[in-house]
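Here are my notes for you, in the order I'd go through them. Have the viewer open while you read.

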Amino acid sequence: MMSCQKKIAEKITDAGADYTIGLQQNQPVLYNDCKEYFEVFSSGLLNKVTHEKRTWQDRKEGILPSYRCFVAGTKKWVVWIEGIGMVKFTITEKEKTHEFTKYFIISLTDINEFAYPVRKHWSIKNQLHWCLDVIFREDASRARKDKFLLNLNILRKIVLNFVSQAQYGRISKKKLIFKAALEPELFLKILFSSKK
């Protein structure tokens, strides 16, 4: 998923690769066109339902994420785009169901090829958010002044990246961070990515 720009899309296809680029509302004309198109024609389009691989934490908390993907070719409509896609992301948490809709411009119009990167994107996003909240309690953070919240978010992601790469037996990331705070040698090993 990258910035939704014509030049970026052209560079990707010129290199022989494919793209799945999320549409944002800061491009209102294309975004609204896609939204209206799927509102009218989605019932007649091929679609695929796929499920994210559930973690033990998801199973414990009764969380079931699923995606319904839709694809439509747009070569006659927008010359530089092969197709558009829509994903209805549904997450059932205990007895509550939340639904989000996301629109994409795509260079591939095969429903299976479209569903895979979309599912991986949501999986990464959800796992990162879950780690930031559970390990660092980011959702409970009261930092609001200036760029403090953004700076803390960047620092947390850097720490999470270092800890994810560290191999230190069977220990949770949260415990490893706590242990590294108490043991300077372990902290330096994690910081300089030396494996134990």
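1. How many residues lie between strand 4 and strand 5 in the hairpin they form, and which turn residue has a positive phi? There are two residues between these strands, and Lys94 in the turn is the one to click on, with a positive phi of about 55°. Bear in mind that this is a predicted model.

2. Strand 4 covers residues 83-93 and strand 5 covers residues 96-106. They pair in the antiparallel sense, over eleven bridges. Glu93 sits opposite Lys96 of strand 5. Strand 4 is mostly covered, too: eight of its eleven residues are buried.

3. Zoom out a bit. The protein has seven helices and five strands. Reading from the N terminus, you get α-β-α-β-α-β-β-β-α-α-α-α.

4. What about burial overall? Of the 196 residues, 33% count as buried. The protein exposes about 13,300 Å², and carbon and sulfur atoms supply 55% of that area.

5. On contacts: take those between residues at least 6 apart in sequence, and 51% of them join residues at least 24 apart.

6. Last, the cysteines. Cys34 is buried, with a relative accessible area of 0%, and Cys69 is buried with a relative accessible area of 0% as well. A disulfide is a covalent bond between the sulfur atoms of two cysteines. How many turn up in a search of the whole structure? Zero disulfides are found.

Definitions and conventions: Residues are numbered from 1 along each chain as its sequence is written. This is a predicted model: local features need pLDDT of at least 70, side-chain atom pairs count only at pLDDT 80 or more; totals for chains, interfaces and linings use all residues. Side-chain values use heavy atoms; hydrogens and water are left out. Helices (H or I, at least four residues) and strands (E, at least two) are DSSP runs, numbered from the N terminus. Buried means under 20% relative accessible area, exposed over 50%, partly exposed in between (1.4 Å probe, protein chains only). Contact means heavy atoms within 4.5 Å. Accessible areas come from the Shrake-Rupley method with a 1.4 Å probe; for residues, only the protein chains shown count as cover. Two strands pair if DSSP finds at least two bridges between them. A disulfide is a pair of cysteine sulfur atoms within 2.5 Å.
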